[in-house]
Amino acid sequence: MRVVFMGTPEFAVPSLEVAFAKHELLAAVTQPDRKRDRGQKVQFSPVKEKALQYNVPVYQPEKVANRRFLEAMVQLKPDVIIVVAFGQKIPKALLELPVYGCINVHASLLPKYRGAAPIQHAIINGDQVTGVTTMYLSEGWDDGDVILQDKEPILPTDTAGTLHDRLARKGAALLDETLSLISAGRAPRVPQDHHQATYAPKLSKSDGAIDWKQPAARIANLVRGLNPWPTAYTFLQSEMIKVWEAEAAGDDESPPGEILAITPEGILVGTGLGTLLLKKLQREGARIHDAYDTANGMRLRVGQKFA
């Protein structure tokens, strides 16, 4: 099939690879180059980098509803448009352009976790299973008819980063199967139950603030779900400290945020329900270290409280 691929982050790259290997990839559409990181250097999106490796033409419209961009897509005459974590809403004119429609790969079992951050919210909420969905895009957000779904367990040790990588590969495999069914005229089309829909809104850095009055298990899930971005954090001695790894450690009742013990295994802290063992921390301007080393470096002591 003649394919136009629309995507931006690393999650979309395995699906782009499938489109290139199995079909005629006419173009890749991605977000404009942005300044990133502390140096504010202009960087290409992962999708653009991969497309350039393949010598595939790249389009980077500020808005996909732009008339000149739409005219360019009409000239390409795609059979299908694949959309994976693109970052813009697709206008009706583009949805109706391809013969087989616009196909989306979404990192949840829709209608659960519609929105920009389904992987992170699944971990934060303590889910044990998530998955990927392929669907026909509609004018709404993630509410189109489902084609295929595939489940993926969430491991107790999973972070958003590790789960992201597995779902990206699983999504690409599901896309491959989906395109085969579409080309054979055998693709299912199952409307979503909109009454069952839940949402996973885009995250910001402020979402990482730890509330020590929450249960230890909830805080541990927050730490996993926000690793590697935007990262959970707390304050001690007026210094912000990022928490990269932590685990619920017991059911003892203790003052929320209070340091109960400092051992080579980590820093034991009281919460609203149970205790939390901090294992990996990062001070401002420093690297990630074992919590025990951080405690020694800051000369922490039992009885101090995280804010």
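A salt bridge is counted here where a side-chain nitrogen of Lys or Arg lies within 4 Å of a carboxyl oxygen of Asp or Glu.

**Entry 1. Basis**

I worked on a predicted model, in which local features need pLDDT of at least 70 and side-chain atom pairs count only at pLDDT 80 or more, while totals for chains, interfaces and linings use all residues. Residues are numbered from 1 along each chain as its sequence is written, and side-chain values use heavy atoms, with hydrogens and water left out.

**Entry 2. Salt bridges**

I took Glu96 and Lys92 as one example; their side chains meet in a salt bridge at 3.9 Å, N to O. Glu96 is exposed, at 55%, whereas Lys92 is partly exposed, at 45%.

I then examined Glu24 and Arg2, whose side chains form a salt bridge of 3.4 Å, N to O. This pair links distant parts of the chain, with Glu24 in strand E2 (residues 24-29) and Arg2 in strand E1 (residues 2-7), 22 residues apart. Helices (H or I, at least four residues) and strands (E, at least two) are DSSP runs, numbered from the N terminus. Glu24 is partly exposed at 42% relative accessible area, and Arg2 is partly exposed at 27%.

I also recorded a salt bridge between the side chains of Arg34 and Glu62 (3.9 Å, N to O). Arg34 lies in strand E3 and Glu62 in the loop between strand E5 (58-59) and helix H3 (67-76), so the pair ties together parts that are 28 residues apart in sequence. Arg34 is partly exposed, with a relative accessible area of 35%.

Finally, I found a network of salt bridges linking Asp150, Glu152, Asp158, Arg166 and Lys170.

**Entry 3. Glu71**

I located Glu71 in helix H3 and found it partly exposed, at 40% relative accessibility. Its side chain makes a polar contact of 2.9 Å with the side chain of Arg67. A polar contact is a pair of N or O atoms within 3.5 Å; within protein, one must be able to donate a hydrogen and the other to accept it, and residues adjacent in sequence count only if both atoms are side-chain atoms. I also looked up the separation of Glu71 and Ser254: their C-alpha atoms are 64 Å apart, and the residues are 183 apart along the chain.

The bond from Asn227 to Pro228 is cis, with omega near 20°. Pro230 is found in the loop between H7 and E10 as well, and the bond from Trp229 to Pro230 is cis, with omega near 5°. Thr231, in that loop too, has a positive phi near 80° and is buried at 3% relative accessible area.

I noted another positive phi in a residue other than glycine at Tyr113, near 60°. Tyr113 lies in the loop between E7 and H5 and is buried, at 5%.

**Entry 5**

I counted two strands as paired if DSSP finds at least two bridges between them. Strand E10 (residues 232-236) pairs with strand E11 (residues 239-250) in the antiparallel sense over 5 bridges. In E11, Lys242 is the bridge partner of Tyr233, and Val243 is that of Ala232. The hairpin of E10 and E11 has 2 residues between the strands, and Gln237 there takes a positive phi near 55°.

I next followed E11 to strand E14 (residues 275-283), with which it pairs in the antiparallel sense over 8 bridges. Val243 has Leu281 as its bridge partner in E14.

I asked why E10 is described as largely enclosed by the rest of the structure. The reason is that 4 of the 5 residues of E10 are buried.

How values were computed:
Buried means under 20% relative accessible area, exposed over 50%, partly exposed in between (1.4 Å probe, protein chains only).
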